[in-house]
Amino acid sequence: MSGRQMPCNPEEIGSLFLFEKLAPEQLGRLCAEGRVERFEPGPVYTEGDPATCFYVLVEGTVALYRRVGADDVEVTRTSQRGVYAGAMQAYIGDRVRQVYNNSMRVTEPTRFFVLPADTFASIMREWFPMAVHLLEGLFFGSKATQRMIGQRERLLALGSLSAGLTHELNNPAAAAVRATASLRERVAKMRHKLSIISAGTFTREALAELIEIQERTAERVAKAPALSPLEASDREDAVSDWLDDHGISDGWRLAPTFVQAGLDPDWLDQVAAAVDEEILASAIGWLNYTVETELLMDEIQDSTIRISHLVDAAKQYSQLDRAPYRMADVHELLDSTLLMLSGKIGPRIEVVKDYDRTIPKIPAYPAELNQVWTNLIDNAVAAINSAGGEGALTVRTGLDHDRLLVEFRDTGPGVAPEIRDRIFDPFFTTKPVGEGTGLGLDISWRIVVNKHHGSLLVESVPGDTRFQVLLPLTATEDETAPEESA
C-alpha cells in the first residue's frame, strides 16, 4: 500500500533518535533519496511480501502483526517517534531472503520517513561499514550457532531416546532369556517323567487318558482368568488342601502354578476321576510340567510381542519408510513418543491419556511433530522433577473450532509470569548451565507455526502448566496434497 507523499524536512528527520547523530549533509541526502509518506488507517505492508522499503515512524500509531496459523496476531503497538520496521536487513543483500517478517498497520493518520531498501543498504555500507560487518557477523554467527546447537539438541534427544529404548528392550529380552532357560529345564524333566511313565505298568488306555488330560489342561492354561491377589490366595489354599488330601507331596509348591493356569479343585476332581489312584501322583506331576511349559511359552510370547511393539514404536517415532508429509493420526504419534520416553518419564510420574478418538487424521510432517512432542514432554518431566519428582503428565487431544488441539499438562511449579514471553526465544533456558540449550521450545515453535501453520500457546499457574499445540485440519495452499498413511 502506498501513502500520500509529503515534503521531507531534514530538521524533522534529524529529531528522530535513529538519525540524531547524523551530519546536516547526511540528513540532506536522506531527504533527497528518501521520502515522507502519510498513510490513512489500514495496512502498510504484509508479512511475506518482498521487503522493498525501510520505514521510520515520524508521527502517528503503528501496530505490528505476525501470522499464526490462519490468524494475524498483534505483537506490538506504539506511537514512539523514530521506531522502525520493514527492510531492516537490506544491507545483508541476497544472502538472505528479503521479505517482510511481519505485517504493519496504522490505526490513525500516520507519517513515515521511507527509504527504498537498496538505498538503505547502500547508505548503511557507506556510512557505517564497521557496524555493517559487526551486524552481519552477529546475524550469520547466531544463525550458525543456532543450527549447530539445534543439531546437538537433536543428538541429545536421540541419545536419551536410545538409552530409554535400550532400557525398555532389556526387560522383555531378559525375561525371554530366563523363560527359555527355564523352559529347557522343564522339557528335560518332562522327558524324564515320560521315560518313567513309559517304563511303568500303565495300560494303553491309562496313557491315552493321561495324554487327553494333558491336552485339555494346556487348553485351560490359555483361557486362565485373571484373579485378584485375594482370590488367588484363597484358591491356592484350596488347591494345596486338595493335593494334601490326595497324598500328593509338595502341594504348597504346586498350588501357585496350578492356580496361575486356571486349575481349581473341581478340575483336579475330574483328573482324579479319569485316572487310577495309583498313577494319580505321576499324573499330577506330569500335568505340573505341562502347565509350567505352557506358562513359560506364554511368557516368551509376551516378551517377544513387547519387543515387537517397541520396535514398531521406534519405527513410528522415527517415521522410517514414511512420506515426510502425509495424513497422520496424532494419537499414533503421541503413543510412540510416550513409549520411547517411558524410561525418562519414570514410574513416579503418572501419565494420563485424555484422547478424543473421533478427531480425524491431519496433513502433517509426522517426524517433526514427534520432535515437538518430545520437547514438550521433556520439559514437563523436568518441571515435575524440579518439584520433587512426583506428579502427573496429562496428554489431551480434541477439537478447538476448526483446529486440532494437543495439550500437554504437568503439575510442576509453573512458568513465572516475568519469563513467559521469553520461553520461545532461541537460547533462553531456565535449566542449569550444561543441562539445556534453550532451543527445544524455539524448535517446537518453528515446527508448529512456520512448518504446520499452527499455534503454540502456554498457560501456567503453579501446579498446572499447559502447552497447547493447535494444528489446522486441512492442508494449506502452499502444501502439496499429502499421502494417506498405510
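**Close-up views of a predicted model**

**View 1. Glu212 lies in helix 5, which covers residues 204-222.** This is a predicted model, as are all the views below. Glu212 has a relative accessible area of 41%. That value falls between 20% and 50%, so Glu212 counts as partly exposed. Now look for Ala274, which is 62 residues away from Glu212 along the chain.

View 2. The chain has 486 residues, and 44% of them are buried. Its secondary structure consists of 13 helices and 17 strands. Take the contacts in the chain with a separation of 6 or more: 76% of them are between residues 24 or more positions apart. The accessible surface is about 25,700 Å². Carbon and sulfur atoms hold 53% of that surface.

**View 3. Glu33 is in contact with Leu115, Pro116 and Thr119.** That list leaves aside the neighbours of Glu33 within four places in sequence. Glu33 itself sits in helix 2, residues 24-33. Its relative accessibility is 34%, so Glu33 counts as partly exposed. Glu33 and Pro116 are 83 residues apart along the chain. Their C-alpha atoms are separated by 8.2 Å.

**View 4. Phe17, Leu18, Tyr84 and Met88 make a nonpolar surface patch.** One of its members, Met88, is found in a loop. That loop runs between strand 7 (84-86) and strand 8 (103-106). Met88 has a relative accessible area of 36%, so this residue counts as partly exposed.

**View 5. Six acidic side chains form a negative surface patch: Glu231, Asp234, Asp237, Asp241, Asp244 and Asp245.** Asp234 belongs to helix 6, residues 229-245. Is Asp234 buried or partly exposed? Its relative accessibility is 47%, so Asp234 counts as partly exposed.

**View 6. Lys451 and Glu368 form a salt bridge.** Side chains of opposite charge can pair when their charged atoms come close. For Lys451 and Glu368, the closest N and O atoms are 2.6 Å apart. The pair links distant parts of the chain, 83 residues apart. Lys451 is in helix 13 (residues 440-451), and Glu368 is in helix 12 (residues 366-386). Lys451 has 30% relative accessible area, so it is partly exposed. Glu368 is partly exposed too, at 24%. The count of salt bridges in the model comes to 13.

**View 7. Glu407 and Arg466 meet in a salt bridge.** The N to O distance is 3.8 Å. Glu407 lies in strand 14 (residues 403-410) and Arg466 in strand 16 (residues 464-472), so the pair ties together parts 59 residues apart in sequence. Glu407 has a relative accessible area of 3%, so Glu407 is buried. Arg466 reaches 22% and counts as partly exposed.

**View 8. Arg409 and Asp464 form a salt bridge.** Here the closest N and O atoms are 3.1 Å apart. Arg409 is in strand 14 and Asp464 in strand 16, so this pair ties together parts 55 residues apart in sequence. Arg409 is partly exposed, with a relative accessible area of 32%. Why does Asp464 count as buried? Its relative accessibility is 18%, which is under the 20% cut-off, so Asp464 counts as buried.

**View 9. Salt bridges join into a network.** The linked residues are Arg396, Glu407, Arg409, Asp464 and Arg466. Find the pair Glu407 and Arg466. Then find Arg409 and Asp464.

Methods: Residues are numbered from 1 along each chain as its sequence is written. This is a predicted model: local features need pLDDT of at least 70, side-chain atom pairs count only at pLDDT 80 or more; totals for chains, interfaces and linings use all residues. Side-chain values use heavy atoms; hydrogens and water are left out. Patches are made of residues with over 30% relative accessible area and no salt bridge: like charges are joined within 9 Å, nonpolar side chains (Val, Leu, Ile, Met, Phe, Trp, Tyr) within 5 Å. Accessible areas come from the Shrake-Rupley method with a 1.4 Å probe; for residues, only the protein chains shown count as cover. A salt bridge is a side-chain nitrogen of Lys or Arg within 4 Å of a carboxyl oxygen of Asp or Glu. Lys and Arg count as positive and Asp and Glu as negative; His and the chain ends are not counted. The place of a charge is taken as NZ of Lys, CZ of Arg, CG of Asp or CD of Glu. Helices (H or I, at least four residues) and strands (E, at least two) are DSSP runs, numbered from the N terminus. Buried means under 20% relative accessible area, exposed over 50%, partly exposed in between (1.4 Å probe, protein chains only). Contact means heavy atoms within 4.5 Å.
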